[in-house]
Amino acid sequence: MPRDVNGTYGAHQRFVLQARSHGTALVRLHINHPSRKSDFIMVSVGARMYPRDVVIHSGQHLNFTIIGDRMDAHGPGQWLSTNEKVMHVNQITGEAHARGEGIAEVIFKGPNLKLRTTVNVLKVNQIVVDAPAEILTNVAAPPDGYKFSVKLSDSAGHSTESSVNQINAPFDCKVEPSFVGFVEPWSDRAVKKSYCVFHPYSPAQLLPVKSNPKDGILHISVRANLKEDSMVTGSAHALFVKGFYIKEPGMLNLTPSCNHSVIIIGGNTDVELFWSAKDLMSVSLVDTNENIGGPSQIVYRVEALKRQPFADKVTIILPATGQTEELEVNYVTGDRTESSSSSGLTTFGLILTCIIVPAGTLWVIMKLLEKPARQAPPRHAPAPAAGPATAPDPASPAIGEFSPRTPQPFMEYVRKTVDDTPYYKRDARRRFNPQNTY
């Protein structure tokens with residue numbers, strides 16, 4: 001739509017126009033003079049090249065593109081560079097590679113469009129690598145790795161972290177010692193920064209080394225080298241704390257026939273062990289494998305001290321990193337264990353038996369004491385007095401059939417004596433109590 005621009009007659013003025021969107025606009029220039037003259041200019045807002053006026057270092061890669069317009073509006077085109085020794089551009093894709101120091105123009109030619117921009121390529125004389133602030137470890141490492149920032153610097157001291165729309169990093173990365181992990185170059189387009197990303201190996205994956213395996217803390221170095229010139233390099237140092245691992249993690253099951261087992265710990269062996277059942281289980285260091293050229297390993301012996309079932313945990317802690325692992329230990333005797341209700345019933349039955357049996361025994365004894373003494377048959381009978389012969393008693397047995405009997409008059413005498421004895425027929429307890437006896 002038309003816009004009015006006021007000016008002063010006879011004076012030279014400059015007006016700045018800013019394109020807001022794709023399209024065409026009519027600009028009206030109005031002069032404040034009695035003649036009231038006006039002029040018009042048609043402005044078309046179309047496509048533009050991105051990025052523009054680029055300053056990069058040799059060895060870097062860029063991807064040029066056209067924005068602000070549809071591709072079908074300007075049709076297929078061709079990318080060109082005015083100086084291939086400074087900047088090489090792929091004619092179809094627009095990918096550019098800075099080859100050497102200097103200035104070059106990148107041009108896009110289409111059927112109805114022609115755009116260009118300037119590229120200033122600086123020679124890299126220095127690479128600056130910065131290590132992350134935290135301590136590096138191979139236990140619970142970041143999923144994306146540890147990022148070492150990389151900055152490129154020219155002879156004038158101007159440094160850039162990355163260029164706009166850079167498609168890959170112009171440097172290679174390396175870590176020393178190499179057995180701790182691997183490193184790769186990476187450029188983050190969102191924040192326009194470049195990194196050497198370090199990915200540590202896990203404790204169980206560490207490769208053999210020719211150093212003392214007891215060293216749990218290492219000093220590592222991450223180095224960046226310029227691809228175009230390997231002599232241009234930079235490095236950064238960082239502390240690396242190794243973690244530990246349990247060779248056979250899981251659960252230890254102990255029995256009376258096999259009341260001991262072992263825990264094998266590899267990697268960083270500067271660990272501390274804790275457990276609760278001190279009176280039932282012991283954990284002691286029994287062996288150390290210090291083979292130079294391989295990861296260290298230590299062996300702990302776990303032994304049950306008593307034939308008593310228990311379940312406990314051995315907690316392993318690495319103070320340097322806070323790494324914590326737990327190992328369950330169970331001891332089973334195999335004896336049948338009664339439930340608490342069954343045990344209570346058994347105890348009550350024992351108590352009841354201890355009360356009833358003595359009471360019943362005492363009652364039987366008392367009944368036996370109260371029962372009258374049975375009369376034993378006489379062993380010898382006195383010879384009968386001489387006199388006339390009498391007929392034998394039919395109820396009496398024949399002579400010689402049983403042992404002699406006590407005469408009847410004697411038995412009557414004994415019975416009368418017993419009946420005349422005071423308190424004899426009373427309770428048996430009174431009979432044996434001296435206080436109730438006369």
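Phe-348 is located in helix α2 (residues 340-370) of this predicted model, where helices are DSSP runs of H or I with at least four residues and strands are runs of E with at least two, numbered from the N terminus. With a relative accessibility of 54%, Phe-348 counts as exposed; buried denotes under 20% relative accessible area, exposed over 50%, and partly exposed the range in between (1.4 Å probe, protein chains only). Together with Ile-351, Leu-352, Ile-355 and Ile-356, Phe-348 forms a nonpolar surface patch with about 510 Å² of accessible area. Such patches comprise residues with over 30% relative accessible area and no salt bridge, nonpolar side chains (Val, Leu, Ile, Met, Phe, Trp, Tyr) being joined within 5 Å and like charges within 9 Å. A salt bridge is a side-chain nitrogen of Lys or Arg within 4 Å of a carboxyl oxygen of Asp or Glu, and accessible areas come from the Shrake-Rupley method with a 1.4 Å probe, with only the protein chains shown counting as cover for residues.

The model is predicted, with local features requiring pLDDT of at least 70 and side-chain atom pairs pLDDT 80 or more, whereas totals for chains, interfaces and linings use all residues. Residues are numbered from 1 along each chain as its sequence is written, and side-chain values use heavy atoms, leaving out hydrogens and water.

An open sheet of mixed pairing contains four strands in the order β5-β12-β11-β8; two strands pair if DSSP finds at least two bridges between them. Strands β5 (54-57) and β8 (78-81) stand at the edges with a single partner strand each, so one side of each lacks a neighbour in the sheet. Strands β11 (residues 102-109) and β12 (residues 114-122) are antiparallel and share eight bridges, with Glu-105 having Thr-118 of β12 as its bridge partner.

Strand β14 runs parallel to β21 (residues 233-241), to which two bridges join it, and Thr-137 stands opposite Val-241 in β21.

One disulfide is counted, a disulfide being a pair of cysteine sulfur atoms within 2.5 Å. The sulfur atoms of Cys-173 and Cys-196 lie 1.9 Å apart in this disulfide. Cys-173 belongs to strand β17 and Cys-196 to strand β19 (residues 193-200), so the pair ties together parts 23 residues apart in sequence. The S-S torsion is about -75°, so the disulfide is left-handed. Cys-173 counts as buried at 15% relative accessibility, as does Cys-196 at 0%.
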